[in-house]
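I have the model open and am going through it entry by entry. These are my notes on what I looked up.

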Amino acid sequence: MARIRCHYADCVFLDEGYCSAAAVEIDPDTGCATYSPTDEAADEEWDEEEEGDEWDDDEEEDEEEEAWDEDEDEL
């Protein structure tokens, strides 16, 4: 039987780096369709997304500041 090495660290089917699911479905565009995150990982994912939003806001502010700086240099 073939063993499938899994790179998802939070999949419920992960067993010592290998997939333990009875059947695996792979989608060429999205990856493993069998992947199912653990309950702990799902909770952490929301926290990471919220933190990511804060970073996006900071990047937008930096871009706006750079635009103002460029306008002042032209004067």
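**Cysteines**

I started with Cys11, which counts as buried at 9% relative accessibility. The model is a predicted one, so I kept to what the coordinates give.

Next I asked how many disulfides the structure holds. I found 0.

The cut-off I worked with is 2.5 Å between the two sulfur atoms.

I then checked Cys32, which is in no disulfide either. Its nearest cysteine sulfur is in Cys19, at 6.0 Å. Is Cys32 buried or partly exposed? I noted it as partly exposed, because its relative accessibility is 24% and buried means under 20%.

I looked up where Asp10 sits and placed it in the segment before strand 1, which covers 14-15. Asp10 has 22% relative accessibility and therefore counts as partly exposed.

Which side chain does the side chain of Asp10 make a polar contact with? I found that of Tyr35, at 2.9 Å. Asp10 and Tyr35 are 25 residues apart along the chain, and I read 9.0 Å between their C-alpha atoms.

**Chain as a whole**

I listed the secondary structure as 1 helix and 4 strands. From the N terminus the order is β-β-β-β-α.

I also took the chain totals. Of its 75 residues, 8% count as buried. The accessible surface is about 6,800 Å², and carbon and sulfur atoms hold 45% of that. Among contacts with a separation of 6 or more, 32% join residues 24 or more positions apart.

**Confidence**

I left pLDDT for the end. The chain averages 75, and 52% of the residues score at least 70.

Where is confidence lowest, and where is it highest? The lowest mean, 60, is in helix 1, residues 39-74. The highest is in strand 2, residues 18-19, at 93.

Note on methods: Residues numbered from 1 in each chain as written. Predicted model: local features only at pLDDT ≥ 70, side-chain atom pairs only at ≥ 80, totals over all residues. Heavy atoms only, no water. Buried < 20%, exposed > 50% of the residue type's maximum accessible area, 1.4 Å probe, protein only. pLDDT = per-residue confidence, 0-100. Helix = DSSP H or I, 4+ residues; strand = E, 2+ residues; numbered from the N terminus. Polar contact = N/O pair within 3.5 Å; in protein donor to acceptor, adjacent residues only side chain to side chain. Contact = heavy atoms within 4.5 Å. Areas by Shrake-Rupley, 256 points an atom, 1.4 Å probe, with all protein chains shown as cover.
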